[in-house]
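Look at the model first, then read on.

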Amino acid sequence: MKKILTVLTILILSQLFTLKVLAGSDGTVDIKSKNKAVEQTNEVKDCFETVNRGIFAFNQGLDKIFFKPVAKGYRYLPKPIRSGTSNALNNLSNVVTIPNNVLQGQFKEAGINTLRFSINTTLGIAGIFDVASYYGLNKLDKEDYGQTLGTWGVKEGWYFVLPVLGPTTVRDTLGSVVNFTG
């Protein structure tokens, strides 16, 4: 575990130091701001366009063959089962959201999400029931480590498409790795 953490730390730090270089302009884009309207004079080039189109086509095929039939089958489950599953997964997502609220300096939101998580995990039977909303603690936006890196000033980096997971950027991919391993 210690070796994995060390390798992950080195990987993240090396990416952070190189993102500024990798995410620079290609010199062909001139973006001007006028009254909060952005005018783009040239097309932004997708440096991985060929690969991205291939992976996108693969994802579309996988969606058609696998995910759509699964989604249609899921709709046949009774409403209470679907609602309970959704509530439990939303409750579990607070495990990632709460630390990100703190890292972004959103202490009020972190407190609300912690309280929601505690109430729904105990009184809501592992989050199956959203009891916290009944007490007036409404759901807040989910936060992840990619958003936290953005708050800290890390640039997005290259755009690319991942198999199954879909479109992303370098920053959000790094954030997703931390989300899954954290």
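Phe-67 has a relative accessible area of 35%, so Phe-67 is partly exposed (buried is under 20%, exposed over 50%, partly exposed in between, with a 1.4 Å probe and protein chains only). This is a predicted model: local features need pLDDT of at least 70, side-chain atom pairs count only at pLDDT 80 or more, and totals for chains, interfaces and linings use all residues. Residues are numbered from 1 along each chain as its sequence is written, and side-chain values use heavy atoms, leaving out hydrogens and water.

**Aromatic pairs**

- The structure holds 3 aromatic pairs (ring centres of Phe, Tyr or the six-membered ring of Trp within 6.5 Å; planes under 30 degrees apart are stacked, over 60 edge-to-face, the rest tilted).
- Phe-48 and Trp-158 have ring centres 5.2 Å apart and planes at 85°, so they pair edge-to-face.
- This pair links distant parts of the chain, 110 residues apart.
- Phe-48 lies in the loop between strand E2 (37-40) and helix H2 (49-74) (DSSP runs numbered from the N terminus; helices, H or I, have at least four residues, strands, E, at least two).
- Trp-158 lies in the loop between helix H6 (145-151) and strand E3 (159-162).
- Phe-48 is partly exposed at 29%, and Trp-158 is partly exposed at 33%.
- Phe-66 and Phe-67 also pair edge-to-face, at 5.0 Å centre to centre and 80° between the planes.
- Phe-66 is partly exposed, at 44% relative accessibility.

**Where the loop holds Val-164**

- Val-164 sits in the loop between E3 and strand E4 (166-169).
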